[in-house]
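Thanks for making the time this morning.

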Protein chains: 2
Amino acid sequence: MEPLKDTRQRLLDTARELFYQRSYADVGVQEICQTAGVKKGSFYHFFPSKRDLTLAVLDESWGGFRESLLGNVFQPDVPPLQRLHRLLDMAYQHHKAMKEQCGHVLGCPYGNLAGEMSTQDEPIRVRVNRIFRELEAPIAAALDEAVAAGDVQALDTTATAAAMVAYLEGLSLMAKTRNDPEVITKLGPAMLDLAIR
Amino acid sequence: MEPLKDTRQRLLDTARELFYQRSYADVGVQEICQTAGVKKGSFYHFFPSKRDLTLAVLDESWGGFRESLLGNVFQPDVPPLQRLHRLLDMAYQHHKAMKEQCGHVLGCPYGNLAGEMSTQDEPIRVRVNRIFRELEAPIAAALDEAVAAGDVQALDTTATAAAMVAYLEGLSLMAKTRNDPEVITKLGPAMLDLAIR
């Protein structure tokens with residue numbers, strides 16, 4: 001028998017992948033259990049509902065992604081505007097890899113869930129909303145540094161960071177709709193034009 | 001007995017509203033028929049499948065929205081950059097009205113479908129993609145005029161229009177995720193900062 005921890009992790013990994021490749025509503029608990037090789041009773045031992053599983057998927061996925069952002073994109077020794085270019089490049093490499101692996105650009109997993117579920121499930125909306133705010137924070141910090149260094153004119157760094165995340169989400173959606181990761185290389189650099197004063 | 005035309009129209013109107021308030025997958029043919037007061041056999045007389053209904057909803061909805069855009073936003077006698085501000089204001093008024101009516105900002109109906117369905121239904125992806133291109137056209141034309149008039153520096157008007165639509169879609173998604181139409185008033189005007197050269 002596998003240890004309990006592996007069962008829970010397998011459910012999380014399976015749900016994350018299936019939701020991302022298709023949608024929340026299209027993937028049921030039964031399919032998640034079958035694909036993960038877990039009995040339905042065992043599922044409900046770990047997660048009272050599909051929503052609870054989804055919140056756990058969001059927490060785990062964002063925890064890992066955030067760590068990777070802080071370690072590879074928002075490093076303090078990288079010049080602040082360069083961090084924003086790294087963020088765009090990370091997005092591009094991700095969409096390109098997904099297209100190569102699945103034949104589809106999958107968009108942003110957080111944006112996908114927000115678009116599908118915000119009117120239907122308040123806890124999921126609130127959780128994704130918090131993730132977007134947490135993504136804005138290191139962007140705003142980079143903008144603060146860029147302003148202090150005189151790299152950019154004074155601006156409302158919090159609002160501009162929110163505008164940049166909105167643009168990134170729009171680009172991910174466009175890349176998915178065109179099924180073309182090059183949307184990011186072509187339109188991405190204009191993110192640095194956004195300035196709210 | 002109602003004329004056939006009314007039955008088809010009722011199915012289109014009902015599906016458009018239900019999809020927009022919730023999602024594609026969450027709304028089945030059965031519920032659409034019940035809400036519209038139409039028998040299931042009659043549904044399949046008009047639409048071979050839910051996908052066909054959805055393509056018809058997209059065509060009709062975009063036809064009407066495009067006409068309203070050309071008549072109220074992209075009028076040739078309005079200064080070109082003013083048209084872009086009108087577009088933002090139209091988006092804001094729409095999200096605000098939806099929030100007042102439903103308690104939720106519903107986002108963009110095309111973006112919602114693209115996010116949910118692009119990896120799952122190729123004809124729907126292609127149709128929404130075409131709608132985005134058709135929305136970019138009058139924006140690019142306004143930018144062409146603005147460049148010719150010396151209102152803005154020379155830029156790649158086609159790519160910049162695509163960037164602006166991406167930003168609009170991102171803003172709609174953020175307004176939906178925050179459930180706050182004011183995202184558009186706060187972050188919207190930065191759309192005019194976007195410039196791809």
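How many salt bridges does the rule find across the interface of chain A and chain B? Please keep in mind, as we go, that this is a predicted model. The answer is 2 salt bridges across that interface, and I can show you a pair of side chains that meet in this way, namely A:Arg178 and B:Glu136, at 3.9 Å from N to O.

If we ask where the chain A side comes from, the elements that give two or more residues to it are α6 (109-117), α7 (122-148), α8 (157-178) and α9 (182-187) of chain A, and the largest share, 14 residues, comes from α8(A). By class, that side of chain A has 20 nonpolar, 13 polar and 11 charged residues.

Now to the extent of this interface. Here 44 residues of chain A are in contact with 44 residues of chain B, and the two chains bury about 3,500 Å² between them, with 64% of that on carbon and sulfur atoms. Within chain A, the residues that lose the most area to chain B are A:Thr119, A:Met174 and A:Thr177, which together make up 18% of what that side buries.

Let me turn to the second interface, which lies inside chain A. The domain assignment gives domain 1 (1-47) and domain 2 (49-193), and the centres of these domains, taken over C-alpha atoms, are separated by 26 Å. In contact across this boundary are 20 residues of domain 1 and 21 residues of domain 2, and the area buried between the domains is about 1,600 Å², of which carbon and sulfur atoms give 68%. On the domain 1 side, A:Tyr20, A:Tyr24 and A:Phe47 supply 50% of the area buried against domain 2, more than any other three residues.

As for polar interactions between the domains, the rule finds 8 residue pairs in polar contact, again with both residues at pLDDT 80 or more, and 1 salt bridge. The side chains of A:Arg16 and A:Glu60 meet in a salt bridge at 3.9 Å, N to O.

On the side of domain 1 that touches domain 2, α1 (4-21), α2 (29-36) and α3 (40-46) of chain A each supply at least two residues, with the largest share, 10 residues, coming from α1(A). The residues of that side divide into 13 nonpolar, 4 polar and 3 charged.

Terms used. Residues numbered from 1 in each chain as written. Chains lettered and ligands numbered in written order. Predicted model: local features only at pLDDT ≥ 70, side-chain atom pairs only at ≥ 80, totals over all residues. Heavy atoms only, no water. Contact = heavy atoms within 4.5 Å. Buried area = accessible area lost by both parts, 1.4 Å probe. Salt bridge = Lys/Arg side-chain N within 4 Å of Asp/Glu carboxyl O. Helix = DSSP H or I, 4+ residues; strand = E, 2+ residues; numbered from the N terminus. Nonpolar A, V, L, I, M, F, W, Y, C, P; charged D, E, K, R; others polar. Domains from an automatic or database assignment. Polar contact = N/O pair within 3.5 Å; in protein donor to acceptor, adjacent residues only side chain to side chain.
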